[in-house]
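Here are my notes on this one, written as I clicked through it. Have it open next to you and follow along point by point.

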Amino acid sequence: STMKNYIANHNINFNIIDAVGIAGKIGLGGRVNMIMQSAFFKLADVIPVEDAVKYLKAAVITSYGKKGQKVIDMNNAAIDKGVESIVKVNVPASWKTVKDATKELDARPDYVKNIADVMNRQEGDSLPVSAFAGIEDGTLMPGTAAFEKRGIAVNIPEWQVDNCIQCNQCAFVCPHAVIRPFLTSDEDLKNAPKTYVSKKAIGKGLEGQHFAIGISNADCSGCGNCAEVCPAKEKALIMKPYATQEAKLPNWKFNINLPKKENPMGTSTVKGSQFEQPLMEFSGA
Ligand code: SF4
Ligand code: SF4
């Protein structure tokens with residue numbers, strides 16, 4: 001809400017562009033740099049946009065000339081699309097006073113609301129000394145990234161329960177502890193959300209339990225490492241647009257609120273290590 005208030009109260013022009021979508025259609029994958037550069041020159045008006053386009057296209061020849069005509073054409077198309085595809089957002093008057101008032105945000109620890117949030121907004125210098133009363137020794141609360149819920153991924157993994165061989169390699173490679181295996185008993189599953197899926201757990205010590213791969217959508221960075229590493233014959237993780245996975249949000253809550261269980265396998269194998277609690281949960285990157 002702070003951002004919305006600021007935009008509305010300062011009459012700021014707010015424009016958006018679907019750079020990821022455009023890059024995908026052109027064939028540039030996730031590479032949005034050319035689209036964003038030409039969009040910037042169109043809006044910033046520091047030099048005539050026609051000149052900017054001319055210089056950018058000349059730079060494409062210098063940077064990518066050796067890679068062939070197709071790459072040059074794709075980058076030139078990206079430059080043209082960046083100029084053409086900007087959408088102006090009409091800022092509603094209600095943004096002047098809109099507030100974050102969700103119960104979830106209010107329920108977070110005071111340290112997160114009054115210090116971590118402020119620092120994350122790059123406004124830490126404005127915090128008075130009194131904000132640190134009680135923590136004068138410099139001890140800061142750990143684990144605050146778990147409250148950020150940035151939702152930055154364009155695509156996030158979707159678990160294909162039938163294809164999964166329960167190796168836990170996805171959890172092992174995820175740099176953010178976003179994708180993790182969860183074990184459940186018959187009793188646990190009685191309270192599972194409707195969209196929750198699991199399968200009979202395989203492996204010594206896992207008898208009588210159910211296995212599921214859980215994904216914290218809002219903490220995923222969309223890097224795709226998990227889907228890449230998944231060794232299942234038919235991939236058990238497929239990257240899908242963020243919005244398609246929203247119905248599964250309650251599953252994550254269910255997973256992390258499961259009764260704590262002893263690690264049934266020990267920590268000396270890749271699979272077993274991932275049944276431990278990750279201590280660098282959702283490191284922001
Ligand atoms: S896409 Fe990257 S951040 Fe997201 S769950 Fe997979 S490995 Fe983790
Ligand atoms: S890497 Fe693939 S097969 Fe292995 S646990 Fe993860 S989803 Fe299942």
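1. Start at lysine 248, which is partly exposed at a relative accessible area of 28%; buried here means under 20%, exposed over 50%, and partly exposed in between (1.4 Å probe, protein chains only). Glutamate 158, with 14%, counts as buried. The two form a salt bridge whose closest N and O atoms are 2.9 Å apart, the term being a side-chain nitrogen of Lys or Arg within 4 Å of a carboxyl oxygen of Asp or Glu. Lysine 248 sits in the loop between β7 (237-241) and α11 (249-256), and glutamate 158 in strand β3 (residues 155-159), so the bridge ties together parts 90 residues apart in sequence. Salt bridges with shared partners also bring in Lys240, giving one network of Glu158, Lys240 and Lys248.

2. Some housekeeping before we go on. This is a predicted model, where local features need pLDDT of at least 70 and side-chain atom pairs count only at pLDDT 80 or more, while totals for chains, interfaces and linings use all residues. Residues are numbered from 1 along each chain as its sequence is written, chains are lettered from A and ligands numbered from 1 in the order in which they are written, and side-chain values use heavy atoms, with hydrogens and water left out. Helices (H or I, at least four residues) and strands (E, at least two) are DSSP runs, numbered from the N terminus.

3. How many salt bridges does a search of the whole structure find? The count is 12. One of them pairs aspartate 80 with lysine 57, at 2.9 Å between the closest N and O atoms. That pair links distant parts of the chain, with aspartate 80 in helix α5 (residues 69-84) and lysine 57 in helix α4 (residues 49-64), 23 residues apart. Both are partly exposed: aspartate 80 at 29%, lysine 57 at 26%.

4. Another bridge joins glutamate 123 and arginine 121, with closest N and O atoms 3.2 Å apart. Glutamate 123 is partly exposed at 34%, and arginine 121 is partly exposed at 39%.

5. Then the ligands, where a residue is near if one of its heavy atoms lies within 4 Å. Ligand 1 has 14 residues around it, the closest being Cys174, Cys220, Cys223, Gly224 and Cys226. Its shell splits into 9 nonpolar, 5 polar and no charged residues; Ala, Val, Leu, Ile, Met, Phe, Trp, Tyr, Cys and Pro count as nonpolar, Asp, Glu, Lys and Arg as charged, and the others, Gly among them, as polar. Around ligand 2 you'll find, among others, Trp159, Cys164, Cys167, Cys170, Ile213, Cys230 and Leu237. That shell has 10 nonpolar, 2 polar and no charged residues.

6. Last, lysine 70. This residue is in helix α5 and is exposed at 65%. Its C-alpha atom is 44 Å from that of histidine 10, 60 residues away along the chain.
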